[in-house]
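Biologist: I have not looked at this one before. Can you take me through it in plain terms?

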Amino acid sequence: MNVRRGDTVLVLAGKDRGKRGTVDRVEKTKRGFGVVIPGLNMAKRHQRARSRTQSAGIIDLPVPLHISNVQVVCPRCNKPTRVGHAKLENGSQTRVCKQCGEQIEVTTK
Ligand SMILES: [Zn+2]
């Protein structure tokens with residue numbers, strides 16, 4: 001998986017093309033994997049009242065963007081980049097920026 005939660009990504013398609021956001025979650029969709037970015041690719045959803053605490057109305061929901069429609073922005077060089085994979089000395093896999101060659105770390109809270 002090239003894109004992970006916590007990554008900064010550039011949107012390549014859709015109405016928010018050219019914008020950047022932080023991946024909130026990666027989820028499996030019918031078309032493959034999608035990433036949810038709060039505030040981007042929002043859609044109106046008509047919501048029925050399911051309980052007394054949840055009122056009916058139109059709410060904004062971020063719709064998952066297909067993973068091929070976003071590009072990871074390298075936290076080191078701040079450029080949208082393709083992601084490579086490298087093996088560390090301790091045997092674990094890491095992701096590297098194809099632009100500057102630095103590792104891409106993910107800060108997951
Ligand atoms: Zn880089």
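Biologist: How many residues lie between β9 and β10 in the hairpin?
Modeller: Five residues lie between β9 and β10. G91, in the turn, has a positive phi of about 95 degrees. Strands here are DSSP runs of E with at least two residues, numbered from the N terminus.

Biologist: Before we go on, what should I know about the model and the numbering?
Modeller: The model is predicted, so local features need pLDDT of at least 70 and side-chain atom pairs count only at pLDDT 80 or more, while totals for chains, interfaces and linings use all residues. Residues are numbered from 1 along each chain as its sequence is written, and side-chain values use heavy atoms, with hydrogens and water left out.

Biologist: Which residue in β10 stands opposite V83?
Modeller: That is C97. C97 also gives its SG to the zinc ion.

Biologist: Which other residues are donors of the zinc ion?
Modeller: C74, C77 and C100, each through SG; the donors lie 2.2 to 2.3 Å from the ion. Donors are N, O and S atoms within 2.8 Å of the metal (3.2 Å for Na, K and Ca); water is not among the atoms, so sites may look incomplete. Along the chain the spacing is C-x2-C-x19-C-x2-C. C74 sits in the loop between β8 and β9 and C97 in strand β10, 23 residues apart, so this pair links distant parts of the chain.

Biologist: What is the geometry of the zinc site?
Modeller: The site is tetrahedral, with angles of 103 to 116 degrees among the four donor atoms. Four donors count as tetrahedral if all angles lie between 85 and 135 degrees.

Biologist: Are C74 and C97 buried or exposed?
Modeller: C74 is buried because its relative accessibility is 1%, and C97 is buried at 2%. Buried means under 20% relative accessible area, exposed over 50%, partly exposed in between (1.4 Å probe, protein chains only).

Biologist: Changing topic, how many salt bridges are there?
Modeller: Six. The rule is a side-chain nitrogen of Lys or Arg within 4 Å of a carboxyl oxygen of Asp or Glu.

Biologist: Which residue does D7 meet in a salt bridge?
Modeller: R95, at 2.9 Å from N to O. D7 is in the segment before β1 (8-11) and R95 in strand β10 (residues 93-97), 88 residues apart. Both are buried.

Biologist: And where do D60 and K44 lie?
Modeller: Their side chains form a salt bridge at 3.1 Å, N to O. D60 is in strand β6 (residues 57-62) and K44 in strand β5 (residues 42-47), so the pair ties together parts 16 residues apart in sequence. D60 is partly exposed at 43%, whereas K44 is exposed at 57%.

Biologist: Which residues make up a network of salt bridges?
Modeller: D24, R25 and E27. Within it, R25 and E27 meet at 2.9 Å, N to O.

Biologist: Last topic. What is the strand order in the open sheet?
Modeller: The order is β2-β1-β8, with antiparallel pairing. β2 (20-22) and β8 (70-72) are at the edges with a single partner strand each, so one side of each has no neighbour in the sheet. β1 and β8 pair over three bridges, and L10 has Q71 in β8 as its bridge partner.

Definitions and conventions: Helices (H or I, at least four residues) and strands (E, at least two) are DSSP runs, numbered from the N terminus. Two strands pair if DSSP finds at least two bridges between them. Four donors count as tetrahedral if all angles lie between 85 and 135 degrees; four count as square planar and six as octahedral if opposite donors are over 155 degrees apart and all others between 65 and 115; anything else is irregular.
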